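Please keep the structure open while reading.

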Amino acid sequence: MAKLVSATQMLQKAVEGKYAVAQININNLEWTKAAVTTAQENNSPIILGVTEGAGKYMGGFKTVVGMVEGMLVELNITVPVAVHLDHGSKNAANACIDAGFSSIMYDGSHESIEDNVANTKKFAEICAAKGLSLEAEVGSIGGEEDGVIGKGECACPDECKMIADLGITMLAAGIGNIHGAYPADWEGLNFDVLGAIKGKIGDLPLVLHGGTGIPAEQIQKAISLGVAKINVNTECQWAFQKATRQYIEEGKDQSGKGFDPRKLLEPGYLAIKATIKEKMELFGSVNKA
């Protein structure tokens, strides 16, 4: 029987191979199916990100795990798949551990570094004992995701080392990246800070949040400096919205039998698949499962 896996091994392989694994945030069945089938078709490992809000919307964290595990079996998914809590609070992290998530993000970036270290250390011990991967964050990521707003700041390399030394699996460090759309005057990723962080933490996989809208050349440079996981959410939302809206506006949902949600949602599903494939190719994770 297919099982969820932690992200540890897939990210270690990504660091060694100089590519990045895509984290695709899921919001419903169509998002989830699009992610796992595209990963299988491209022989790529994948991480399914779940925010607290998305988990609540889908019926709870246990519901999410049940849905994903069912798909792995029914759709014969054999590539590595991790279900990962994205930007989790202490309560959400504990709930996801109990629900059967294979990977956790405890986000203590809005706390003092002392509290971030203390709380991350506790989760590092729990996750290590249970065989789960753990992501931590230093330097808040800008923009808004799931109602959480960050002004965006570059992480302190010394603080990154303090967190990295706790036994975490991966580190999200603010380097000028933001959630959502990037403004026209965005200055780009700060590679001086990224290089300094890399020099402090060694081969620990780095995570780049806000993967939507970052130019391809900056993505490639970030990967060369140790980024092994890149999060994509907004771009999938845009693709889904555009495809379903076009389907409605063109009047294609006029079967004469009433509203058919499967027909309405299929264009969005296919648009997400195309977006995910494009990202896997850009990140270099195709045929890396």
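## Helices α2 and α11

This is a predicted model. In it, α2 crosses α11 in a right-handed sense. By class, their contact has 9 nonpolar, 2 polar and 5 charged residues.

Helix α2 spans residues 29-41, and helix α11 spans residues 261-283. The two pack at an angle of about 40 degrees. Their axes lie 9 Å apart.

Which residues meet here? From α2 come E30, W31, K33, A34, A35, T37, T38, A39 and E41. From α11 come L265, Y269, I272, K273, I276, K277 and M280.

## Helices α7 and α8

The crossing of α7 over α8 is right-handed.

On the α7 side, the contact uses P157, D158, C160, K161 and A164. On the α8 side, A196, I197, K200 and I201 take part. By class, the contact holds 6 nonpolar and 3 charged residues, with no polar ones.

## Nonpolar cores

In soluble globular proteins, nonpolar side chains tend to be buried together. The largest nonpolar core in this model has 76 residues. Which members touch the most others? They are V81, F101 and I104. Helix α4 (residues 61-74) supplies the largest share of this core, with 6 residues.

Take F101 in detail. Leaving out residues up to four places away in sequence, F101 touches V50, F61, V64, V65, V83, H84, L85, C96 and L132. Another core lies apart from the largest one. This other core has 14 residues, including M10, Y19, M105 and A228.

## The S285 site

S285 sits in the segment after α11. Is S285 buried or exposed? Its relative accessibility is 0%, so S285 counts as buried. The cut-off for buried is under 20%.

What surrounds S285? Beyond its neighbours within four places in sequence, S285 is in contact with Y19, A20, N43, S44, P45 and M280. Y19 is among the members of the 14-residue core. M280 is one of the α11 residues that meet α2.

Methods: Residues are numbered from 1 along each chain as its sequence is written. This is a predicted model: local features need pLDDT of at least 70, side-chain atom pairs count only at pLDDT 80 or more; totals for chains, interfaces and linings use all residues. Side-chain values use heavy atoms; hydrogens and water are left out. Axes are lines fitted to C-alpha atoms, for helices over the stretch in contact, and angles run from 0 to 180 degrees between N-to-C directions. Helices (H or I, at least four residues) and strands (E, at least two) are DSSP runs, numbered from the N terminus. A crossing is left-handed if the near helix is turned anticlockwise from the far one by less than a right angle, and right-handed if clockwise. Contact means heavy atoms within 4.5 Å. Ala, Val, Leu, Ile, Met, Phe, Trp, Tyr, Cys and Pro count as nonpolar, Asp, Glu, Lys and Arg as charged, and the others, Gly among them, as polar. A nonpolar core is a set of buried Ala, Val, Leu, Ile, Met, Phe, Trp, Tyr and Cys residues joined through side-chain atoms within 4.5 Å. Buried means under 20% relative accessible area, exposed over 50%, partly exposed in between (1.4 Å probe, protein chains only).
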